[in-house]
Amino acid sequence: MALYRSHAFVLHTYKLGETDQIVVLFMRDFGKIRAVVRRSQSPRRPTAGYYQPLMLLDAIVYGRPSQTLYRMHSVDIVQAFRPLHEEFSLLRCGLYMTELIDVATHEREPAPELFTLFHAMLHALLETPCSTLLLRHFELRVLGALGYAPQLVACVQCARDLHEHEGTFSARLGGLLCATCAPSVRQTFVVGHEALAYARLVLAADETNVPLAPSPGATAMQDLDRLLHAHMTFCLGRELKSYAFLQL
Ligand SMILES: [Zn+2]
C-alpha cells in the first residue's frame, strides 16, 4: 500500500453499487485517478460536499501502485472558488473547462503543466470581463499542451507557408489549407484573419496567463468558436457534453 498526497480537482463522480461512489480526481502530481468513497457514510461526513468539481483540494488516496482503483483517505478544501459555484454564467464555463480536462487526460499519467494551466484559468475566470474569450484561450492552450493544436501556420496538405488571406479550415485534416489545395478538399469553412491572428498568438505564447492580444471583435469571436468547436469535435470524436450549456 502506498499513500498519494497532492493538490487535486474533482473531474466527476459516479455511483459504485449501493454504498460507494467513485470520485475521479485530477491530481497535480499523479494525473487522473479514481478513488472509492463510501457513499452510505457520506451524509454524516463533513467531507461529503467536497467531492464536486471546481474546488482545489488537498487529497490523500491510498492503494497499490498497480491498481486502477484507489481509496480516498482524506480530503481538505484548499480553495473553494465560491463565485464559480454561485453564478451560473461562471459555473457553466468552469464545468466546461473541467470536462475538457477530463477528456484530455489519461489515467495515472501526471500532467502538472495542465494542472497549473487549469488552476490559473479558474482564477482568471473569476476576474475576466469576457469568459467566452477565456474559454477559447483555454481550449487553445490545452490543445497546444497535448500536441493537438490546429495547424495554422503552414498548409495542412502541402506544408507551404500560408499567406495572410488564406483561411480555409478543414477539421478533418486539422488545419488551414492554401489557396491551391483548398478547392480539392470538402467540408471546409473560412476563418477570418483576426481570429487566426489571435489563435496563432495564443499558441505561440509561453505563459499560461490570459489575454495577450486586444480582445477580438464579434465576428472574430464567432470565427474562433467555430474553428475550435469543429477542431475539438473532430479530435475528440464527439462534442463535449457541457458545450450545450455554453449556448444557453
Ligand atoms: Zn496547400
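## Close-up views of a predicted model

**View A. Contacts of A195.** Leaving out neighbours within four places in sequence, A195 is in contact with P216, A220, D223, L224 and L227. The model shown here and in the other views is predicted.

**View B. The largest nonpolar core.** This core has 66 residues. A195 is one of those that touch the most other members, along with L25, A35, M97, F118, M121 and A199. Both domains contribute: domain 1 (2-80) and domain 2 (102-246) each supply at least three residues of the core. In soluble globular proteins, nonpolar side chains tend to be buried together.

**View C. Where the two domains meet.** At the contact, 13 residues of domain 1 meet 13 residues of domain 2. On the side of domain 1 that touches domain 2, strand 1 (2-16) and strand 3 (31-38) each provide at least two residues. By class, this side of domain 1 has 7 nonpolar, 3 polar and 3 charged residues.

View D. The 3 strands lie in the order 7-6-8, with antiparallel pairing. Strand 7 (175-177) and strand 8 (188-190) are the edge strands, and each pairs on one side only. Neighbouring strands of the sheet are turned by 40° against each other on average, direction ignored.

**View E. Strand 6 against strand 7.** Strand 6 (residues 168-170) and strand 7 run antiparallel and are joined by 3 bridges. Opposite F169 stands L176 in strand 7. Strands of a sheet pair through backbone hydrogen bonds.

Notes
Residues numbered from 1 in each chain as written. Predicted model: local features only at pLDDT ≥ 70, side-chain atom pairs only at ≥ 80, totals over all residues. Pairing = 2+ DSSP bridges. Helix = DSSP H or I, 4+ residues; strand = E, 2+ residues; numbered from the N terminus. Axes fitted to C-alpha atoms, helices over the stretch in contact; angles between N-to-C directions. Core = buried A, V, L, I, M, F, W, Y, C linked by C-beta atoms within 7 Å. Buried ≥ 20, exposed ≤ 12 C-beta atoms within 10 Å, placed from the backbone. Domains from an automatic or database assignment. Contact = placed C-beta atoms within 7 Å. Nonpolar A, V, L, I, M, F, W, Y, C, P; charged D, E, K, R; others polar.
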